[in-house]
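Please look over the sequence and the structure below.

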Amino acid sequence: MELRKFLSACILVFCLNNVVEAAHRILPEFQSLHATNVEQLYRTGYHFQPPLHWINGPMHYNGLYHLFYQYNPKGAVWGNIVWAHSVSTDLINWQSLEPAIYPTEPFDIKGCWSGSATVLPGNKPVILYTGIDPQNRQVQNYAIPANLSDPFLRKWVKPADNPIAVPEAGMNASAFRDPTTAWFSNGHWKILVGSKRKHRGMAFLYRSLDFVRWIKAKHPLHSAANTGMWECPDFYPVPVSGKQGVDTSVLGENVKHVLKVSLDLTRYEYYTIGKYFQDEDRYVPDNTSADGWAGLRYDYGNFYASKTFFDPVKNRRILWGWANESDTADDDAQKGWAGIQLIPRTVWLDTNGKQLLQWPIEELDTLRGKNVQISNQQLKLGDRVEVNGIDASQADVEVTFTFSSLDKAEQFDPSWVDAQQLCGQKGSTVQGGLGPFGLLTLASANLEEFTPVFFRVFKGQNKYVVLMCSDASHSSLKDTTYKPSFAGFVDVDIANDKKLSLRSLIDNSVVESFGAGGKTCITSRVYPTLAAMGDTHLYAFNNGSEPIVMESLNAWSMNKPLKMNN
């Protein structure tokens, strides 16, 4: 059958140091249609992807980073899912190995879904994952390496005493998945499993003395009303000061805890920062952000099913997220592939203790090639300055904007609580006072297509409000793609230094942006028709009446990794 008859059924998946899964639209008649060609037009240059077909997790063991991810080896749609396996020494170059787990036993015969990895004392890794049994129940299983002396961990064994946790009477057996990385406290190993009770999202807590026999706690670690199914929960400590990470089992007064969940109803994630009471096994969020749909997000764009892991090599916590495609099923069929992993990010607690900061891992800098710089370039109303001399379709751009006055900032309406809606109303082409200013990425020569990433500053009642947008509404002349105006507010006090920074990672069909040193992050998937295949442009712009100075701009062409799953 011809490739154009493929349909993509991907809705979500992934979970770092782990792998995840959620809801999927299943099209069995297309699950095993093999891609005869792999189209390169929108294929990323330096993001993780398998050679072809549909993808959807990492840990560090004996000198190697291991990434497990959900993958269909037979087609570019969701189905035939196995736990594919790749290894790396630097999180940039990846070697593909044979699948680690695939359906073989009664407890997973209908699917090997999401899960996580934990390294036990004695340097013994264990995988926890959700299996689908013959009754279509979601049950929790474990797998162990067949040979601990193999640093590649090529073979995994599923012990006969699986499953280790099954849905109890009265529980929704189709909403019981995604076991977390385990932590150790009060003599027990502990994990969370995502679930819901009616409309209340919850993280069930399980305890074990030996990592084999698990007992469900009477109460969930945490729950929140009207949030729906919690997928891909992640629970981990962050030091109250500094950028270093700590092992998942670290407790005490020198850390706070983060609980992140992926929301099945909204298809985005939120997290809270709070305190873990280990004696009661209870998590209480700080009263500094919403515990629900309006909560803090790692990323306000195309970013889902994320997971963190502790990297003992560099003492850091690393976050991975997954981005699905935003084009049509027919387009995915033509490409012969779907889904990418985003660039790994280091995460740590902001000095204000109220949110996390994120930044691309330092290893990414090794891919930087040709460099251009611009300094002290003024941008008046309507100005557009092209950044020449690099490959604008595959680039890393860091820029700092300054301004001398805040007087022209527009008045902020307190009813503007939805940043994405506000960005849709006040896009990059809508003239303002202080902003919009920023970058026009993946732009065609005459701006028939462009994806702007920009700031806009408003004057609130007590402080200035900064809006950051990544607006895909003009990204492509194709009218069949999803082109949202993603946005988030930036919690920064600009009254004193009058300065905003931006970093954007541009890679053919994805733009990952980090505002104000990683306070607000937004990812967009875009599919330009003119601004592609060597005819891509990059501009800095200002469409506000207040002049902006581009204090410094550093842009690099980005090389491809030497090895990407080959």
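Which residue in β19 is the bridge partner of H257? The partner is G274. This model is predicted, so local features need pLDDT of at least 70, side-chain atom pairs count only at pLDDT 80 or more, and totals for chains, interfaces and linings use all residues. Residues are numbered from 1 along each chain as its sequence is written, and side-chain values use heavy atoms, with hydrogens and water left out.

**The sheet around H257**

H257 sits in strand β18. Strands (E, at least two residues) and helices (H or I, at least four) are DSSP runs, numbered from the N terminus. β18 spans residues 255-263 and runs antiparallel to β19, residues 269-277. Six bridges join the two. Two strands count as paired if DSSP finds at least two bridges between them. Strands of a sheet pair through backbone hydrogen bonds, either parallel or antiparallel.

These strands belong to an open sheet of four, in the order β17-β18-β19-β20, with antiparallel pairing. From one strand to the next, the twist averages 35°. The axes behind such angles are lines fitted to C-alpha atoms, for helices over the stretch in contact, and angles run from 0 to 180 degrees between N-to-C directions.

β19 and β20 pair in the antiparallel sense over four bridges. K275 stands opposite V284 in β20. The two strands form a hairpin with four residues between them. In its turn, D281 has a positive phi of about 50°.

Why does H257 count as buried? Its relative accessibility is 4%. Buried means under 20% relative accessible area, exposed over 50%, and partly exposed in between (1.4 Å probe, protein chains only). Not counting residues up to four places away in sequence, H257 touches residues including F235, Y236, G274 and Y283. Contact means heavy atoms within 4.5 Å.

**C469**

C469 is found in strand β33, residues 464-471. C469 counts as buried because its relative accessibility is 0%. Leaving aside neighbours within four places in sequence, its contacts include C423, F454, F486 and I522. T520 is 51 residues from C469 along the chain, and their C-alpha atoms are separated by 9.8 Å.

**Two spaces**

On a 1 Å grid over the protein atoms alone, a cavity is a set of points where a 1.4 Å probe fits but cannot get out. A pocket is an open set with protein on both sides within 12 Å along at least five of seven lines. Lining residues have an atom within 4 Å of a point. Grid points are joined across faces, edges and corners, and a volume is the space filled by probe spheres set on the points.

| Space | Volume | Lining |
|---|---|---|
| Largest cavity | about 70 Å³ | 13 residues |
| Largest pocket | about 1,000 Å³ | 36 residues |

Nearest the cavity centre lie Y46, F48, L91, W94 and I343. Closest to the pocket centre are A294, L296, Y300, V417 and F489. α2 (419-425), β33 and β34 (485-490) each give two or more residues to the pocket lining. β34 supplies the largest share, four residues. By class, that lining divides into 20 nonpolar, ten polar and six charged residues. Ala, Val, Leu, Ile, Met, Phe, Trp, Tyr, Cys and Pro count as nonpolar, Asp, Glu, Lys and Arg as charged, and the others, Gly among them, as polar.
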